[in-house]
Amino acid sequence: MRFYIIIPSYNEEEFITLTLQSLVEQTALPTKVVVVNDSSTDKTPEIVLAFAEKHPWISLVNKTSNAVHMPGSKVIQAFQEGQKHIDDNYDIIVKIDADLIFPPNYFETIINHFKSDDQIGMVGGFCYIEKNGDWVLENLTDKDHIRGALKAYRAATFKQIGGLRAQMGWDTVDELLCKFYNWKVVTDESLHVKHLKPTGASYTKAARYKQGEAFYTLGYGFFITAVASLKLAFRKGKPFLFLDYIMGFLKAKKEQKTMLVTPEQALFVRNYRWMKMKNKLFH
């Protein structure tokens with residue numbers, strides 16, 4: 001199966017060598033890797049070009065945007081820029097971050113999942129972060145959710161869900177739409193990926209409000225948002241984030257922000273979330 005990887009990057013000179021080296025060492029090599037350099041001020045582009053000289057399937061695309069890192073929008077705008085530089089001859093399209101180290105069998109295993117069942121629409125492994133010299137699970141989400149840092153989509157699935165949306169919540173709405181269209185989402189706990197820069201380390205208050213806004217635009221409604229916000233705040237070890245998330249939700253509701261889902265999809269999302277909550281409470 002042919003797979004293309006798009007890597008949005010901004011000032012990743014510290015890590016991108018390790019990411020690209022781990023791709024070069026895969027037992028199943030990508031057909032194409034497009035690194036989108038989004039206005040980096042460091043040596044990110046030079047590092048990518050050095051890899052591209054040795055490996056013609058790696059290429060660099062330069063993009064200009066402002067330097068403010070808002071979760072969701074900036075990274076997906078860079079991904080969408082990368083899409084302009086690929087053709088449609090792929091079976092799988094992959095979005096990864098530029099601060100990951102993949103085990104050598106990562107993409108061979110991903111491909112085998114897709115081959116095993118043509119109803120599988122998305123596959124991913126798990127991110128691990130370094131703590132006191134050990135690599136431990138970066139436990140920000142449920143085990144059935146694929147992290148935004150490493151998403152692999154079947155081509156037909158990717159097209160049916162309408163690609164990725166340049167908004168916070170993009171990496172939740174993609175999976176919910178997969179389920180809406182009856183695709184399976186597979187997470188493989190045997191695939192341990194080293195995440196070198198923990199998520200959200202530098203987010204501002206405005207960025208934290210964005211999480212609450214995302215819950216609104218996903219069609220969660222207030223009660224599901226409150227539960228999800230509480231869970232996420234405690235997972236991050238910062239209970240006060242709960243208030244930022246709720247404020248973000250209420251602000252988005254007041255401003256009637258553009259929804260990521262249709263009314264029919266929003267109803268499906270709420271029912272799905274209720275079902276998951278009940279399963280956890282009663283099992």
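The model is predicted: local features need pLDDT of at least 70, side-chain atom pairs count only at pLDDT 80 or more, and totals for chains, interfaces and linings use all residues. Residues are numbered from 1 along each chain as its sequence is written, and side-chain values use heavy atoms, with hydrogens and water left out.

Q: What makes up the secondary structure of the protein chain?
A: The protein chain has 10 helices and nine strands. Helices (H or I, at least four residues) and strands (E, at least two) are DSSP runs, numbered from the N terminus.

Q: What share of the contacts in the protein chain with a separation of 6 or more joins residues 24 or more positions apart?
A: Such residues account for 79% of those contacts. Contact means heavy atoms within 4.5 Å.

Q: Are Cys 127 and Cys 178 buried or exposed?
A: Buried means under 20% relative accessible area, exposed over 50%, partly exposed in between (1.4 Å probe, protein chains only). Cys 127 has 1%, so it is buried. Cys 178 has 0%, so it is buried. In the protein chain, buried residues make up 53% of the 283 residues.

Q: What makes helix 6 largely enclosed by the rest of the structure?
A: Of its 11 residues, 10 are buried, so the description holds. Among them are Trp 170, Asp 171, Glu 175, Cys 178 and Phe 180.

Q: What happens just after helix 6?
A: Asn 182 takes a positive phi of about 65° there, although it is not a glycine. Asn 182 lies in the loop between helix 6 (170-180) and strand 9.

Q: Why is Asn 182 called exposed?
A: Its relative accessible area is 61%, so it falls in the exposed class.

Q: Which loop holds Gln 256, and why does Gln 256 count as exposed?
A: Gln 256 is in the loop between helix 9 (241-255) and helix 10 (263-282). Its relative accessible area is 64%, so it counts as exposed. Gln 256 also has a positive phi, about 50°, although it is not a glycine.

Q: What makes Asp 88 exposed?
A: Asp 88 has a relative accessible area of 56%, so the exposed label applies. Asp 88 sits in the loop between helix 3 (73-83) and strand 4.

Q: Which residues of helix 4 are buried, and what covers them?
A: In helix 4 (residues 106-116) they include Tyr 106, Phe 107, Ile 110 and Phe 114. Their cover includes strand 1 (3-9), helix 1 (16-24) and strand 6 (120-131).
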